[in-house]
Amino acid sequence: MAPAWVVVLVTAVLGLTSAGPVPTSRPPPTRRGCHVGKFPSLSPRELEAFKKARDALEESLPLKNWSCGSRLFPRTRDLIRLQAWERPAALEAELDLTLKVLGNMTDSSLGVVLDQPLRVLRHIHSELQACVRAQAGPTAGPRPRGRLHHWLHRLQRAPEESQGCLEASVTFNLFRLLTRDLKCVTGGDLCV
């Protein structure tokens, strides 16, 4: 009877070793070059700089005609509906548009106020670009589909709006982008 138990035990051990790794509930490690996890929230000093920039931008808006034909930036709930791996690409596109609009602001008095926020946004944008490239791998993957395609298409069409509309949209979207959207992207599957 002992030899039978040895055969059963050896069979069980061999079966377990060939089964592969046991799945865990932790998300897979981020790919090399993807470091957005370090931006779950901004420092109080950075947030204060963004508040000053937003206030200055809001003061300049009443002087401009800024009616918009459509909502340029999707809502946070739309970001939540994207797959976790699609969110960095969506946020990167939002940041790209935000940086272009803020960089093209013609009011020279805003330059000093926008300096630090633009530096922070450029840094986050470069980290997101690295993430998106790391996710795409060595070759460009398939074209975005579904919600991500709709999101990216909406942002690509944004320059068709007036400069006043773009500035107002970016201004009103800035804090949502920095607090909710960035937190959602860094949270991965935990975004709710």
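Tutor: This is a predicted model. Just after helix H7, glycine 188 has a positive phi of about 60°.

Student: Which helix holds glycine 187, and is glycine 187 buried, partly exposed or exposed?

Tutor: Glycine 187 belongs to helix H7, which covers residues 163–187. Buried means under 20% relative accessible area and exposed means over 50%. Glycine 187 has a relative accessibility of 26%, so it counts as partly exposed.

Student: Where does H7 bend, and by about how much?

Tutor: H7 is largely enclosed by the rest of the structure, because 18 of its 25 residues are buried. The bend in H7 is at leucine 177, and its angle is about 45°.

Student: Which element gives the largest share of the largest nonpolar core?

Tutor: That core has 42 residues, and Phe50, Leu102, Leu114 and Leu121 touch the most other members. Helices H2, H4, H5, H6 and H7 each give two or more residues to the core. The largest share is 10 residues, and it comes from H7.

Student: Leaving aside neighbours within four places in sequence, which residues is phenylalanine 50 in contact with?

Tutor: Phenylalanine 50 is among the core residues that touch the most other members. With its neighbours within four places set aside, its contacts are Leu42, Pro117, Val120, Leu121, Leu174, Phe175 and Leu178.

Student: Which residue forms a salt bridge with glutamate 94?

Tutor: Glutamate 94 is in helix H4, residues 87–103, and at 0% relative accessibility it counts as buried. Beyond four places in sequence, glutamate 94 touches residues including Trp151, Asn173 and Asp181. Its salt-bridge partner has its closest N and O atoms 3.6 Å apart from it, and that partner is arginine 176.

Student: How many residues apart are glutamate 94 and arginine 176?

Tutor: Both glutamate 94 and arginine 176 are buried. The pair links distant parts of the chain, with glutamate 94 in H4 and arginine 176 in H7, and the separation is 82 residues.

Student: What is the distance between the closest N and O atoms of glutamate 160 and arginine 157?

Tutor: Glutamate 160 is exposed, with a relative accessible area of 59%, whereas arginine 157 is partly exposed at 44%. The two form a salt bridge, and the closest N and O atoms are separated by 3.0 Å.

Notes
Residues are numbered from 1 along each chain as its sequence is written. This is a predicted model: local features need pLDDT of at least 70, side-chain atom pairs count only at pLDDT 80 or more; totals for chains, interfaces and linings use all residues. Side-chain values use heavy atoms; hydrogens and water are left out. Helices (H or I, at least four residues) and strands (E, at least two) are DSSP runs, numbered from the N terminus. Buried means under 20% relative accessible area, exposed over 50%, partly exposed in between (1.4 Å probe, protein chains only). Contact means heavy atoms within 4.5 Å. The bend at a residue is the angle between axes fitted to the seven residues ending there and the seven starting there. A nonpolar core is a set of buried Ala, Val, Leu, Ile, Met, Phe, Trp, Tyr and Cys residues joined through side-chain atoms within 4.5 Å. A salt bridge is a side-chain nitrogen of Lys or Arg within 4 Å of a carboxyl oxygen of Asp or Glu.
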